[in-house]
Number of protein chains: 4
Amino acid sequence: MIIIMNKDATREQIDNVEHKLSELGFKTHPIFGEVKTVIGAIGDKRHLNPQLISIMPGVENIVPIMKPFKLASRELKQISSIVEIGDVKIGGNEIVVMAGPCAIENESNFVETAIRVKEAGAKIIRGGAFKPRTSPYAFQGLEEDGLKIMASAREATGLKLVTEVVDTRDVELVASYADILQIGARNMQNFRLLQEAGLSKKPVLLKRGLAATIEEWLMAAEYIMAAGNPNIILCERGIRTYETATRNTLDLSAIPVIKELSHLPIIVDPSHAAGTWKYVGPLAKGAVATGADGLIIEVHLDPPNAFSDGPQSLRPDKFAELMNELKPMASAVGRII
Amino acid sequence: MIIIMNKDATREQIDNVEHKLSELGFKTHPIFGEVKTVIGAIGDKRHLNPQLISIMPGVENIVPIMKPFKLASRELKQISSIVEIGDVKIGGNEIVVMAGPCAIENESNFVETAIRVKEAGAKIIRGGAFKPRTSPYAFQGLEEDGLKIMASAREATGLKLVTEVVDTRDVELVASYADILQIGARNMQNFRLLQEAGLSKKPVLLKRGLAATIEEWLMAAEYIMAAGNPNIILCERGIRTYETATRNTLDLSAIPVIKELSHLPIIVDPSHAAGTWKYVGPLAKGAVATGADGLIIEVHLDPPNAFSDGPQSLRPDKFAELMNELKPMASAVGRII
Amino acid sequence: MIIIMNKDATREQIDNVEHKLSELGFKTHPIFGEVKTVIGAIGDKRHLNPQLISIMPGVENIVPIMKPFKLASRELKQISSIVEIGDVKIGGNEIVVMAGPCAIENESNFVETAIRVKEAGAKIIRGGAFKPRTSPYAFQGLEEDGLKIMASAREATGLKLVTEVVDTRDVELVASYADILQIGARNMQNFRLLQEAGLSKKPVLLKRGLAATIEEWLMAAEYIMAAGNPNIILCERGIRTYETATRNTLDLSAIPVIKELSHLPIIVDPSHAAGTWKYVGPLAKGAVATGADGLIIEVHLDPPNAFSDGPQSLRPDKFAELMNELKPMASAVGRII
Amino acid sequence: MIIIMNKDATREQIDNVEHKLSELGFKTHPIFGEVKTVIGAIGDKRHLNPQLISIMPGVENIVPIMKPFKLASRELKQISSIVEIGDVKIGGNEIVVMAGPCAIENESNFVETAIRVKEAGAKIIRGGAFKPRTSPYAFQGLEEDGLKIMASAREATGLKLVTEVVDTRDVELVASYADILQIGARNMQNFRLLQEAGLSKKPVLLKRGLAATIEEWLMAAEYIMAAGNPNIILCERGIRTYETATRNTLDLSAIPVIKELSHLPIIVDPSHAAGTWKYVGPLAKGAVATGADGLIIEVHLDPPNAFSDGPQSLRPDKFAELMNELKPMASAVGRII
């Protein structure tokens, strides 16, 4: 930690800061510049509240040297993590695709969708049983009935299941059906939900918050890991910007940034980012080329009649076509799909 | 609702859209322009899923005519709402100030803070018992012990209590102590928590999400209202932008916008917006002048030793000074404080 | 154009709006809804100032039906444009790569860089002679001497030249040396410069503004086209968001959006977006996979000693390696590089 | 300047960095932490290109200690600057109001507007003769004829004139008529224009760029000052965010931030920020209360028929009313208006 004193800081103020740091167990190294003094402080600040120092008289600013996340950081664990869901491995050489409708609507459609996406090469079926909707008047999901439908689709196809959990009270229930718990963008900083997901030990698909920095996202992962669950798959799904041509702005740079800062696998959701099926193909290709470990894509048998997010859903035949187009792309980055 | 057809839409596609709209109970009015056709659709679309139409062949775009929120809208209720917490009225002529520390740390400090902010003119004491912290390693709050301390402070001073609830499982507990339930920025779209807060009937202080639009914020209020609780106080606390000179960018324009769109009262939190106590005074004054119905300000006896958010906390004497400076400001907008 | 009247609009206000629209040459079609009235207005509004209507009493909002850009739009010209710079064609099947240093520093280095990037497959050399720098104390470019160096490099290699122009007074000078005029992000709405670039008839590389919407970007292109110059290459270079992990957030979604809205070719600048050479490779691959028509990449013989933007520059050998890795990527989208 | 080495940096890499810094004239102070080493470097880095160091092997990051602006900084000049335009002083105890139409349309209207805003208490008349418009098809201004009209209004009223200059080639012409040169938001980083404005010696009203950080804004001021012109008035006019309820998001926090970082006066433009006249009053009051040194407000005799920005213009009577309401507000912050 580096403490920057302001240019009018008195010698006494500098001494006080050094004294306080010593008290807190730091070794201090003041550097007296021509205009300002800075103090290097050596020690473990993980449990220090930096504001203790930051508002002492004469202090201008504090610069942390270490990242705030630890378990999620590549500094701690150099080898990339692979999250295993039975025989499906996310973070390895194979690019894993999750596909399915936004909301689960009924059994026959869902099972048929599962069959179709499996044929096309998806390894995991997605679907929402508990839906976080912007409007209280919109369809909120079939809840446990939806989970049961997912289980039937698993039986019929052997696909793994990923579905969202939106309430701490439902974690146990959802975990009893799902293979992967999804934490949605709006709940990325619902810290209690993160803790419960951490305690459940199920693999967690952690979507990036609507306007979350990469550091905050990794801190959310840290919450889950600190609760004992290392099986986290990050999911970039677009961030909020001033641009309205797409629903969100897909931040594909997040892929190389995450690969540098963390050992966790990262997949991409081009459907929620784009908000329209027309851009899903190009963005899915871009994601694979940029280094994503997987994709999650909305597929619906009949998008115009979907209960939720129809405009961004691909029909199964379009999805199958896209999967074919992704093969040479995966191969171009030395991977398979 | 207006449906804009794209310029190459065929007559058959236009007919199909009209047919579908009729089926859904709308009366349709096509207008054939020189380049494009638009279709006006009359009827109650509150429960319509607009995508049913938006992805029909030939449709370019859909423009809603009505706002998505209803109970929260001034179109429905022209008279400004006043939220009453005993004898404290928010939304009336008096500008109500809530003050206190970010986190509750111990009884003696909290009670002393309560006494000091009351002397200065605050009507409500704030304090966090359940803290949503970015890091799992940071202090998470005293939980029920914190609520008990709040209750003592109420007894000692007669102030009302506002405190945050972060988990659906805690709503009943928190509501049994607090006079106002706070829903924090990170939980503004934790829809289950909104519903529980709606069922509890306690007044709710609903902070604007980190990157929430005003429309989404009013939709969050709509969730609480739709669950049966009309007692909502909106709180602007800064939004996320690219600017890093302040912790968040305080959006004071939200005040006149909310006043136009909604009947709900709105208060401002200059402390979280600024991130540093130095800017709290000017922004508090700006908020009052712009038309805020109240303020919520962080006050701590000893900011450098605060467990949380010390840098943005005022000392009680600075707070008292600010309260004095706010008086002519309130009077300049024809109100009292 | 659709005019939405507010719910309390009187019959007289509606009549006044209709009357005003008729006066302006529009045919009007009022639709009387249950709550609000909307008026469809048919006619050419290109030269209408919409505010004439928008602030008439009773008017709530105006919704345009047509895009504000015309010459740049795919609605006007369905076939994708190809910009030809001698034998180099941008927007065709070949993905064209521009490469070179941020600033031109001296002749020998620049010519050597040109030779190296040509060997690696670049078709165009980039370099800044006039540099728009955030600080007045930073190196501002070699100006005409830099242009002369560029010309030598062209002679030595046969590469085409792209370089930035930052002042209306320099357009003629720069155009006398360069094959492509670059308009930088900070000047995207320097409308006089756009007009001069339009008059010059040289192909223009138009970078997206720091925080420009896609619509504003196309309106900037429209300025150049309206001045008589149809040879525009758009360049996505990252937009400003709250995320600080990269210098800018590369918006690869802009590629399919531009392809839908406009016939103009679009290339990507991963170097300025990332701000660090480490992410340039993954983002360049992502850009090609998403459908970019070209790339512009910073290459420097000795990045630590570059006068400008060293941290984001690739060394020539790294650039050559990247060009090789891009080949299967181009092939995967049915193109060559 | 602090150099943070990454955790795997070798002793040799650390030595190399120290060596390079010494070569560049810095004194170095390495601090060997438990995990990482940091190096304090003392010396004048104003002309150093920090990347020289930032991409040396083993370097993780560089943290500047000094601000990049110098002439504009309060560190250099503690006393607040007052910009004098004849007898009008901006930055002193009086809050100065500039008012007038967006574009100059004809002499009689402009002179009448000048008379009306003067009566209401404005000291400076604003009006656009050269208009930077998003669309090439929109009204671009009367150019020199507009300037002549402004001069007549000055003669008739004694008001000072502020008007925008958009092209380096026009600075001399505009300066020959205007009392204050305005640099608009879109040209805030048109560095050549800043330099010309610096050379002209006329007071400059420097609007904050659409998405400019406060630091970039002060660097733009630094350009003008470095060219020899210290008479700069900063103008906050709203920044670009994801929120669409207002045209821009007015960042009133910029006022206390600027007051802390710089000695330059700052005024606020609520009209362009809001985009609608309805919010201009509340925001003007908020600006005064937050500490603005002045306001610039759009006033038009007949907003529905304005050539530009009618929706955000006040009628003269509304403006006079607002000026009255601002008086107690100014008095509440110990100033006059």
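Predicted model: local features only at pLDDT ≥ 70, side-chain atom pairs only at ≥ 80, totals over all residues.
Residues are numbered from 1 along each chain as its sequence is written, and chains are lettered from A and ligands numbered from 1 in the order in which they are written. Local features need pLDDT of at least 70 and side-chain atom pairs count only at pLDDT 80 or more, while totals for chains, interfaces and linings use all residues.

Chain A is divided into domain 1 (2–63) and domain 2 (83–332), with bounds from an automatic or database domain assignment. The C-alpha centres of domain 1 of chain A and domain 2 of chain A are 44 Å apart.

The contact between chain A and chain C involves 35 residues from chain A and 36 residues from chain C, two residues being in contact if their C-beta atoms, placed from the backbone, lie within 7 Å. On the side of chain A that touches chain C, at least two residues each come from α8 (254–261), α9 (270–274), α10 (280–290) and α11 (316–332) of chain A. Helices (H or I, at least four residues) and strands (E, at least two) are DSSP runs, numbered from the N terminus. The most residues on this side, seven, are given by α10(A). By class, the side of chain A that touches chain C comprises 21 nonpolar, nine polar and five charged residues; Ala, Val, Leu, Ile, Met, Phe, Trp, Tyr, Cys and Pro count as nonpolar, Asp, Glu, Lys and Arg as charged, and the others, Gly among them, as polar.

Chain A is superposed on chain C by a rotation of 180 degrees with 0.0 Å of shift along its axis (RMSD 0.0 Å), using least squares on the C-alpha atoms of residues with pLDDT of at least 70 in both copies. The two copies are thus related as by a two-fold rotation axis. In chain A, the C-alpha nearest the axis belongs to Gly286(A), at 2.1 Å. Because 100% of the interface residues of chain A are also interface residues in chain C, the copies meet through the same surface.

The contact between chain B and chain D takes 35 residues from chain B and 36 residues from chain D. The largest share of the side of chain B that touches chain D is the seven residues of α10(B).

Within chain D, Glu107(D), Phe110(D), Val111(D), Ala114(D), Ile115(D) and Lys118(D) of α3(D) meet Ile149(D), Ser152(D), Ala153(D), Ala156(D) and Thr157(D) of α4(D). By class, this contact of α3(D) with α4(D) has seven nonpolar, two polar and two charged residues.
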